[in-house]
Amino acid sequence: MKRGFLILSVLTGLLLVYASYQALEVAPTERTMGDVQRIFYYHVPSAWTAFLLFFINFVASIQYLARTKPSAQTATKWIFIAIGVAGAVASFLPPVQQQLTSLGMRPSALATTALMLPVFYLLLGKWFPGEKLDILAVTSAEVGVVFCTVVLVTGPLWARPVWGIWWAPGDIRLTSTLVLWLIYVSYLLLRRFSNSAQTQMLAAALAVSGALDVPLVYFSIWFFRTQHPQPVIGGNGSIDPRMLHILLLNWLAFLCFASLVCWSRFRLEVLKREVEEAYAMESLGEPVAVAPSMPLKRGTR
Amino acid sequence: MNSIKFLFAAYIATWIIHGTYLGTLVRRFSRLKKELDELGESHRSANQ
């Protein structure tokens, strides 16, 4: 495990260096904005990574809430399957295809996304059973907030030289992103400072409602006129193929980096819960096994 | 437009944010390891 982590860390480091070199040196300079446009290569991948992490948090939270009752668990599973099938079927209907094309969205993209939903839901439940779902939820939320912070810091640093202002008050993309960040910061504060037995359930409920802001953030520039630039991928936008290639390379590098950070954070949360459990067992006067490596097992000594 | 300084400011800010977060993770890891060691010590001394 440790060796795998080390190898992945080295590969991710190399990929990050190569992607940064491509972004800062090789990518073509944008005609009107100049070099400052290169912020795009880590602003946009950070935003996409944050959205993905919040989506993982959303699915893990739903599963965590649903696992309290077998009937709710079955119902949720079938709802996800129904959404997937309905989305895929709808993308083949001519009126839907026309509507999607006018919005600059490919019907095949909708079909793929819709079909991925139930697959993702089922895999997450299989790979992270029981309490691990809650650990995954807190991990993805915390790392997502870090990436969202990068988005909120790099955005104004791009806006200042291009717009002449740091922030456009009232702009729906900017405001909804800030709200998204605040929702997940609240989620983390709730988990940090509440000691109630219901904390995990409350946090999961907050995460499910908070995740509704993610599509609003993402599609705000598709449906509203904003100060924020219009989409370059989808939404009738266009981008130089060389820029697109470097953008996707940077996203891959950021995804690998986020996976490593999530891996570490996940292990940290497991360790934290084991220490808490050991303290609880000690206070009850029961024997506790404290091994130098994880996992802890009670009553074995 | 002297935009290059904003580009580097954004780049540095990105890695300061990630570095700070990684630093907090390392600190939390070492604190938990220490607590775990202390629990092990107290358990061993109780058994003797």
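How many residues does the contact take from chain A and from chain B? The contact takes 25 residues from chain A and 21 residues from chain B, where two residues are in contact if their C-beta atoms, placed from the backbone, lie within 7 Å. This is a predicted model, in which local features need pLDDT of at least 70 and side-chain atom pairs count only at pLDDT 80 or more, while totals for chains, interfaces and linings use all residues. Residues are numbered from 1 along each chain as its sequence is written, and chains are lettered from A and ligands numbered from 1 in the order in which they are written.

**The two chains**

- Chain A comes to 10 helices and zero strands, whereas chain B has one helix and zero strands; helices (H or I, at least four residues) and strands (E, at least two) are DSSP runs, numbered from the N terminus.
- Taken along the principal axes, the C-alpha atoms of chain A fill a box of roughly 70 × 45 × 35 Å, and those of chain B fill a box of roughly 75 × 5 × 5 Å.
- Of the 301 residues of chain A, 32% count as buried, and of the 48 residues of chain B, 15% do; a residue is buried if 20 or more other C-beta atoms lie within 10 Å of its own, exposed if 12 or fewer, and partly exposed in between, with C-beta atoms placed from the backbone.
- Among the contacts in chain A between residues at least 6 apart in sequence, 72% join residues at least 24 apart.

**The side of chain A that touches chain B**

- Two elements of chain A, helix H6 (131-163) and helix H10 (241-283), are those that give two or more residues to the side that touches chain B.
- H6(A) provides the largest share of that side, nine residues.
- The residues on this side of chain A divide into 15 nonpolar, four polar and six charged, where Ala, Val, Leu, Ile, Met, Phe, Trp, Tyr, Cys and Pro count as nonpolar, Asp, Glu, Lys and Arg as charged, and the others, Gly among them, as polar.

**Domains and the nonpolar core**

- The domain assignment of chain A gives domain 1 (2-67 + 130-273) and domain 2 (84-128), with bounds that come from an automatic or database domain assignment.
- The C-alpha centres of domain 1 and domain 2 of chain A lie 22 Å apart.
- In the largest nonpolar core, which has 61 residues, Ala137(A) and Phe147(A) touch the most other members; a nonpolar core is a set of buried Ala, Val, Leu, Ile, Met, Phe, Trp, Tyr and Cys residues joined through C-beta atoms within 7 Å.
- The elements that give two or more residues to this core are H1, helix H2 (40-66), H6, H7, H8, helix H9 (213-223) and H10 of chain A, together with helix H1 (4-47) of chain B.
- H6(A) gives the most to this core, with 16 residues.
- Not counting residues up to four places away in sequence, Ala137(A) touches Asn57(A), Ala60(A), Ser61(A), Tyr64(A), Ala204(A) and Ala207(A).

**The packing of H7(A) against H8(A)**

- Helix H7 (residues 172-193) and helix H8 (residues 199-210) of chain A pack at an angle of about 175°, with their axes 10 Å apart; axes are lines fitted to C-alpha atoms, for helices over the stretch in contact, and angles run from 0 to 180 degrees between N-to-C directions.
- H7(A) and H8(A) are therefore roughly antiparallel to each other, since angles under 35 degrees count as roughly parallel, over 145 as roughly antiparallel, 65 to 115 as roughly perpendicular and the rest as oblique.
- From H7(A), Ile183(A), Tyr184(A), Ser186(A), Tyr187(A), Leu190(A) and Arg191(A) meet Thr199(A), Leu202(A), Ala203(A), Leu206(A), Ala207(A) and Gly210(A) in H8(A).
- The residues of this contact of H7(A) with H8(A) divide into eight nonpolar, three polar and one charged.
- Thr199(A), placed in helix H8 of chain A, counts as partly exposed because it has 15 C-beta neighbours inside 10 Å.
- Leaving aside neighbours within four places in sequence, Thr199(A) is in contact with Leu190(A), Arg191(A) and Ser194(A).

**Two further residues of chain A**

- Gly4(A) is found in helix H1 (residues 2-26) of chain A and counts as exposed because it has 9 C-beta neighbours inside 10 Å.
- Gly4(A) and Lys132(A) are 128 residues apart in sequence and 21 Å apart in space, C-alpha to C-alpha.
- Ala114(A) lies in helix H5 (residues 107-127) of chain A and, with 18 C-beta neighbours inside 10 Å, counts as partly exposed.
- Leaving aside neighbours within four places in sequence, Ala114(A) is in contact with Ile83(A), Gly84(A), Gly87(A), Ala88(A) and Ser91(A).
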